Amino acid sequence: MGPTKVIVKGDALYDAQTGKLIHNGLATPEARQEYANHHYIVLPEVDRAGRQWELDGQPVYCLRGTRYETLNEQQRHLARCPDCGGMGIRTEEVMAERDCIRCTRCGHEFDSRLEMMES
């Protein structure tokens with residue numbers, strides 16, 4: 001059992017499972033993040049342009065810093081694109097020496113292990 005997953009509609013936060021209003025009057029992304037930092041909720045991931053990550057039509061949430069999952073708790077190996085902040089998904093080709101990730105927004109390919117070592 002993790003934090004409550006929320007969705008953003010206008011300036012309000014709603015429970016993603018039940019649709020119940022959690023809090024309103026949060027007009028900016030910074031205000032929403034500040035509220036989330038002080039309550040046991042998790043916001044959907046967004047890219048640098050503010051577009052929400054979606055996987056199979058569901059918002060994607062980041063739990064514990066590295067674990068990404070959807071509303072139905074489906075876990076996937078995802079990573080944030082270093083260029084646009086979009087959702088990177090592991091490519092289907094299996095390579096022993098590389099863990100190739102491709103961004104769904106900009107198409108940038110990167111190696112998640114190499115990105116972690118450089119940061």
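Student: Which order do the 4 strands of the antiparallel open sheet take?

Tutor: The order is β5-β6-β7-β8. Bear in mind that this is a predicted model, where local features need pLDDT of at least 70, side-chain atom pairs count only at pLDDT 80 or more, and totals for chains, interfaces and linings use all residues. Residues are numbered from 1 along each chain as its sequence is written, and side-chain values use heavy atoms, leaving out hydrogens and water.

Student: What makes β5 and β8 edge strands?

Tutor: Each pairs on one side only. β5 covers 54-55 and β8 covers 75-76.

Student: How do you know that β5 and β6 pair?

Tutor: Two strands pair if DSSP finds at least two bridges between them. β5 and β6 (residues 58-63) have 2 bridges, in the antiparallel sense, so they meet the definition. L55 stands opposite Q58 in β6.

Student: Why is β5 called a strand, with residues 54-55?

Tutor: Strands are DSSP runs of E, at least two residues; helices are runs of H or I, at least four; both are numbered from the N terminus. β5 spans 54-55, so it qualifies. The chain has 2 helices and 12 strands. From the N terminus on, they run β-β-β-α-β-β-β-β-β-β-β-β-β-α.

Student: What is the order of the open sheet with mixed pairing?

Tutor: That sheet has 4 strands in the order β3-β2-β1-β4. β3 (21-23) and β4 (41-42) stand at its edges, each with a single partner strand, so one side of each is left without a neighbour in the sheet.

Student: What joins β1 to β2?

Tutor: 4 bridges join β1 (residues 4-9) to β2 (residues 12-15), and the two run antiparallel. The bridge partner of K9 is A12 in β2.

Student: How many bridges does β11 form with β10, and how many with β12?

Tutor: β10 (residues 87-90) and β11 (residues 100-103) pair over 3 bridges, antiparallel. G88 has C103 in β11 as its bridge partner. β11 and β12 (residues 109-111) are also antiparallel, joined by 3 bridges. There, R102 has E109 as its partner.

Student: What lies between the strands of the β11 and β12 hairpin?

Tutor: 5 residues. In this hairpin, G107 takes a positive phi near 80°.

Student: What percentage of the chain counts as buried?

Tutor: 37% of its 119 residues. Buried means under 20% relative accessible area, exposed over 50%, partly exposed in between (1.4 Å probe, protein chains only).
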